[in-house]
Amino acid sequence: MASVRFEAVSKIYGSDSRALSEFSLDVEDGEFVVLVGPSGCGKSTTLRVLAGLEEATSGRVFIHNKDITDETPSKRDIAMVFQNYALYPHMTVFDNMAFSLRMRKLSKEKINSAVTETSDILGISEYLHRKPKELSGGQRQRVALGRAIVRHPKVFLFDEPLSNLDAKLRVQMRNELARLHTQLKATMIYVTHDQAEAMTLGDRIVVLRDGVIQQVAPPLEVYNNPCNKFVAGFIGSPSMNFFKSEVSGHKLMIINGSLDISGVADGRYTAGIRPEDILVTKQGQFTCTVEVVETLGNEKVVLGVTVGGEQITARCRPDIDIHPGGELRFEIDMNRIHLFEVDGIEKKI
Ligand SMILES: Nc1ncnc2c1ncn2[C@@H]1O[C@H](COP(=O)(O)OP(=O)(O)O)[C@@H](O)[C@H]1O
Ligand SMILES: [Mg+2]
């Protein structure tokens, strides 16, 4: 196993398509790091540069303190698992898994025991003689995982490996991946745009935007203390609410009310409040008009609009009696408000 280090890696495709800007990151030996961000923000590029499938325009990449920036992909000892499985269709599951070991000229016995052991871990022993087309999507993805695991690579890279699976299977495979990481104690870098995967799998999350790292921290730290408005809005579902607000004296004016505040300079701010921090109560000073009520069984998600025309999403108890067209009254705990600068990069205050 191994640590990974990116040192100021930039990648420019063609003459001016900047996919990655001064990307610097230390991944510890055995750590599970998740890269998240919207489509096109440079997640796959990061993995491809590490795997040697793309050349960095500038910067260096290290595996276990060895500079591998100029090494060929095969010398890097990295296994990559993709969204589309990339299995050989004409080979059986066994042969798919054995392929890289045969290329390395391992003995038949070693190959047999490696494939058997790995297929046991993944619960695919009974399918070893089947071809990929005779397997379900989840089983195919397990084979793709198995093909990576048999090699005992220094580092595992995952590029949205679960996004082709249906919702239920995705959750199941997500749990299996977490278990696998505990079992293998391997260094893993995992790309996803699914924040539930990011929150549950990562020791740390790296949030990327337009090729620039926004924040690197454990999941709960990113959730509770997002460094800027972009991260605040990207992590969390339903997304954080944002309201125009203004501090004057010791008052924060927000929605149709005000809250006591101290230690913040007068001026305009964007206030962020998570949907679960809208505290519905009949005596609440804040109000909105209810537009949509989503009844989810364990909770109701209420979409409303404030007097000022701002959208608001609240997560409420399932037994609350509210209907479209009605009024929702609520309170907000000042301690749960995130304030961001309005201009510039909207840093957290
Ligand atoms: N081979 C390529 N040639 C030119 N531009 C590319 C190439 N691959 C990716 N890009 C561009 O680089 C940016 C980052 O892409 P990518 O790393 O695939 O993002 P993500 O995986 O986060 O969706 C995007 O704007 C994409 O269009
Ligand atoms: Mg991608």
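The following questions and answers examine how features of this predicted model are assigned.

Q: Why is R317 called exposed?
A: R317 has 9 other C-beta atoms within 10 Å. A residue counts as exposed if that number is 12 or fewer, so R317 is exposed. R317 lies in the loop between β18 and β19 (327–332).

Q: How far is R317 from D26, in sequence and in space?
A: The two residues are 291 residues apart in sequence, and their C-alpha atoms lie 42 Å apart.

Q: What makes α1 a mostly covered helix?
A: Eight of the nine residues of α1 are buried. They are K43, S44, T45, T46, L47, R48, V49 and L50. To be buried, a residue must have 20 or more other C-beta atoms within 10 Å of its own. For the protein as a whole, 36% of the 349 residues count as buried.

Q: Which strands does α1 lie across, and what follows the helix?
A: The helix lies across β3, β6, β7 (155–159), β8 (187–192) and β9, and runs at about 150° to β7. After α1 comes G52, which has a positive phi near 90°.

Q: Which residues make up the shell around ligand 1?
A: Ligand 1 is surrounded by Y13, G14, S17, A19, G37, S39, G40, C41, G42, K43, S44 and T45. Both β2 (17–27) and α1 (43–51) supply at least two residues of this shell, and α1 gives the most, with three.

Q: How do the residues of the shell around ligand 1 divide by class?
A: Three are nonpolar, eight are polar and one is charged.

Q: What makes β6 and β10 edge strands?
A: These strands belong to an open sheet of six, in the order β6-β7-β8-β3-β9-β10, with mixed pairing. β6 (78–82) and β10 (212–217) each have a single partner strand, so one side of each is left without a neighbour in the sheet. Neighbouring strands of this sheet are turned by 15° against each other on average, direction ignored.

Q: Why do β3 and β9 count as a pair?
A: Strand β3 (residues 32–36) and strand β9 (residues 204–209) are joined by four bridges in the parallel sense. Pairing requires at least two bridges, so the two strands meet the criterion. Within this pair, V36 has V207 in β9 as its bridge partner.

Q: What is the strand order of the five-stranded sheet, and why do β15 and β18 stand at its edges?
A: The order of this open sheet is β15-β19-β16-β17-β18, and the pairing is antiparallel. β15 (278–280) and β18 each have a single partner strand, so one side of each has no neighbour in the sheet. From one strand to the next, the twist averages 50°.

Q: How do you know that β17 and β18 pair?
A: Strand β17 (residues 300–305) and strand β18 (residues 311–316) run antiparallel and are joined by six bridges. Because at least two bridges are required, these strands count as paired. V302 stands opposite A314 in β18. Their hairpin has five residues between the strands, and there G309 takes a positive phi near 85°.

Q: What makes β16 a partner of β19?
A: Four bridges join strand β16 (residues 286–295) to β19 in an antiparallel arrangement. The criterion is at least two bridges, so β16 and β19 are paired. T289 stands opposite E327 in β19.

Q: Where do the domains lie, and how many residues bring them into contact?
A: Domain 1 spans 4–234 and domain 2 spans 241–341, according to an automatic or database domain assignment. Their centres, taken over C-alpha atoms, are separated by 39 Å. Five residues of domain 1 are in contact with five residues of domain 2. The side of domain 1 that touches domain 2 has two nonpolar, two polar and one charged residues.

Q: What are the overall dimensions and make-up of the protein?
A: The C-alpha atoms fill a box of roughly 75 × 45 × 35 Å along the principal axes, and the protein has eight helices and 20 strands. Among contacts with a separation of 6 or more, 64% are between residues 24 or more positions apart.

Note on methods: Residues are numbered from 1 along each chain as its sequence is written. Chains are lettered from A and ligands numbered from 1 in the order in which they are written. This is a predicted model: local features need pLDDT of at least 70, side-chain atom pairs count only at pLDDT 80 or more; totals for chains, interfaces and linings use all residues. Two residues are in contact if their C-beta atoms, placed from the backbone, lie within 7 Å. A residue is near a molecule or strand if its C-beta atom, placed from the backbone, lies within 6 Å of it. Ala, Val, Leu, Ile, Met, Phe, Trp, Tyr, Cys and Pro count as nonpolar, Asp, Glu, Lys and Arg as charged, and the others, Gly among them, as polar. Axes are lines fitted to C-alpha atoms, for helices over the stretch in contact, and angles run from 0 to 180 degrees between N-to-C directions.
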